[in-house]
Every structure is written in C-alpha cells, then in structure tokens.
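Open the model in your viewer and keep the sequence panel beside it. The tour below goes from the whole chain to single residues, one selection at a time.

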Amino acid sequence: MGVCCNCLFVAGVAVVLSCMVMGASAGNFFEDFELTWGGERAKIFSGGKLLSLSLDRVSGSGFQSRNEYLFGRIDMQLKLVAGNSAGTVTAYYLSSQGPTHDEIDFEFLGNLSGDPYILHTNVFTQGQGNREQQFYLWFDPTRNFHTYSIIWKPQHIIFLVDNVPIRVFKNAESIGVPFPKSQPMRIYSSLWNADDWATRGGLVKTDWTKAPFTAYYRNFNASACTWSSGTSSCNSKSAATSFSDSEFQTNELDAPGRRRLRWVQKYFMIYNYCTDLKRFPQGPPNECRRSRF
C-alpha cells in the first residue's frame, strides 16, 4: 500500500497558520459531500460554496463526506444557530462505522440567548469514548464563521479553533490505550434536538416557537489521505509543496502552540474527564497520566 501521508502533517501554530493560506482554495459541497437525511432541511447553495442544516419540530438534518480519510488535516468553517438555541446540538466529527468504531468529535451545545455555547469534544477508540473535554468559546460563534480543525496523525490528534489548539490527544498505545490509526473515517455533521441533555443537563428544553434552527458551513478543506478499496493516497490539495521536510516530521506543538493550548485550558475549559475523581474514583484513565503536549 503506497501512502504519502508524511506530506500532510503539520504541527505548531506558525505552521498551522501557513496551512490556512493553502486552504483558501476551499472544496465544493456538491463534489465533496452528500446530504444524508432531513429532506429539504439540508441545502447546498451558492454554487456549492455554502451548506446549511436546519432543525424543526419534525426533524433535524445531516450530511457526510463522499471520501473516507486516514490521517490528515480537516478544516471547516461553521456559523452556529443564533438566538435561543437551547436543546439543539450541532455535531461535526470524523467517524468510522461498526461496534468498534473510532471517532473524533466536535459538538456544539445550544444555549439560551446571551449565554455562551459549550464546545464538547470527545475521542472514541475501538468503540470506547468517555474522553470528554468541554470549553466555552472566547467569541460569539453565531455572529460570524469560525474555523474548526482536526489534525489527525499517528502520533496525536489536535483540535483547533481558529488555528488555536484547544486539545491534544496523544497516542498512548505504549501504555495500553488504543489509538485511532487503522480505520478510515468519513466527515459527518448533523443538527438535531437533544433537549434531554444538551443544555444544563436537560433542564432547558427546546423552544419550538424559535424554529427552524439553522447552522451554516463554508470553506471545507481536507489536506488528507483519502481511502478507497483498501488503499490510501494523498489528496491533490495536500501540503506537499508548502512546507519543509523538517516541518513535515514535527510531531509536537511548538512553543507558541503550547502557550495557546495552556491559555485555552486555563481560562475556557469547563470540564475535563481526566480530573473527574467522582467518575474515576480509582484514578484517571491511563492516557491522562501522559504529558498534555
């Protein structure tokens, strides 16, 4: 199997910012995705440059990528449901299929008008999740589009918001923790009603008089290896000619990236499974004992 995935991987904020210049040639939603459920509530318009998902009392909606990916960087700009979005969840994630699936999650939990959205993240390996970290965002995600990115490498997964790293999940196979590295994953997104848990643990219900609720997407870019019929090949939009060999081989965040990660986790993290002693009275999971960086 010929894989050129070394051409894809960049780490550190300075490198990530350079990658976004390359990402200006965004994909086309007609070509890259298919609308999977929700009927007319899911729409592609502006010649494939924009996509919207809507939720009403009858149904939500969703889409998925035509391609499967195995390692790389995925960028998508989202503008979340404005106003009173309590009870709604906008999910944007990578996932394989089956009972032992892998998954890398962004989920945006709706709110009452004026309250901050909660960004919920999780990582599933071999069908096992329970690795939640949650954050408040340092901006209003409903006023403008913001970029939400996943860098998925054999060494680690990095979650980024507007190129700021908010979470790193490192490969800890050496201490017995499975890591998602063998199952190709598609990109999925959905907007759905979860008022049994999403807002204040289900205390605040969806106000259907505010429906339809709508989220918008643009500027998708995948600098990634696609997977087809058991073989992998690099996307033509890959960063192969954009970075030096030394940058390709970088497996850690650089110093500015580590500072930004600490800043987010100090001031905006509101839940970390690694510190939930009530949930893990015998001590945190093994991967929590590894360095965050």
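What follows is a list of stops, each with something to select and a note on what is there.

**Stop 1: the whole chain**

Select everything. This is a predicted model, with four helices and 16 strands in the chain. Of the 293 residues, 57% are buried. The accessible surface of the chain is about 12800 Å², and carbon and sulfur atoms account for 49% of that area. Among contacts between residues at least 6 apart in sequence, 69% join residues at least 24 apart.

**Stop 2: colour by confidence**

Colour the chain by pLDDT. The average is 85, and 83% of the residues score at least 70. Now select residues 1-25, where the pLDDT is below 50; this stretch has 77 contacts in the model beyond near neighbours in sequence. Next select residues 235-249, where pLDDT also stays under 50. For this second stretch the model has 34 contacts beyond four places in sequence. Where pLDDT is low, the predicted coordinates should not be read in detail.

**Stop 3: the eight-stranded sheet**

Select β1, β4, β13, β6, β7, β8, β9 and β16, in that order, to walk across an open sheet with antiparallel pairing. Which strands stand at the edges? They are β1 (33-37) and β16; each has a single partner strand, so one side of each is left without a neighbour in the sheet. From one strand to the next, the twist averages 15°.

β1 pairs with β4 (residues 61-65) in the antiparallel sense, over four bridges. Select L35 and then F63 in β4, which stands opposite L35.

Then go to the other end of the sheet. β8 and β9 are antiparallel and pair over four bridges; L119 has F135 in β9 as its bridge partner. β9 is in turn joined to β16 by three bridges, again antiparallel. Here Q133 has N272 in β16 as its bridge partner.

**Stop 4: Q134**

Stay in strand β9 and select Q134. Is Q134 buried or exposed? Q134 is buried, because its relative accessible area is 17% and the cut-off for buried is under 20%. Show the residues around Q134: not counting those up to four places away in sequence, Q134 touches L109, I118, L119, H120, F268, M269, I270 and Y271.

**Stop 5**

Select E287 and R131. E287 lies in the segment after β16 (269-272), while R131 is in the loop between β8 (118-124) and β9 (133-136), so the pair ties together parts that are 156 residues apart in sequence. Both E287 and R131 are buried.

R279 is partly exposed, with a relative accessible area of 31%, whereas E132 counts as buried at 14%.

K181 is partly exposed at 38% relative accessible area, and E173 is partly exposed at 33%.

**Stop 6: V264**

Select helix α4 (residues 255-267) and find V264 in it. V264 is buried, with a relative accessible area of 0%. Which residues is V264 in contact with, leaving aside neighbours within four places in sequence? They are F135, W138, V164, P165, I166 and M269.

To end, draw a distance from V264 to R167. The two residues are 97 apart in sequence and 8.7 Å apart in space, C-alpha to C-alpha.

How values were computed: Residues are numbered from 1 along each chain as its sequence is written. This is a predicted model: local features need pLDDT of at least 70, side-chain atom pairs count only at pLDDT 80 or more; totals for chains, interfaces and linings use all residues. Side-chain values use heavy atoms; hydrogens and water are left out. Helices (H or I, at least four residues) and strands (E, at least two) are DSSP runs, numbered from the N terminus. Buried means under 20% relative accessible area, exposed over 50%, partly exposed in between (1.4 Å probe, protein chains only). Contact means heavy atoms within 4.5 Å. Two strands pair if DSSP finds at least two bridges between them. Axes are lines fitted to C-alpha atoms, for helices over the stretch in contact, and angles run from 0 to 180 degrees between N-to-C directions. Accessible areas come from the Shrake-Rupley method with a 1.4 Å probe; for residues, only the protein chains shown count as cover. pLDDT is the predictor's confidence in each residue, from 0 to 100.
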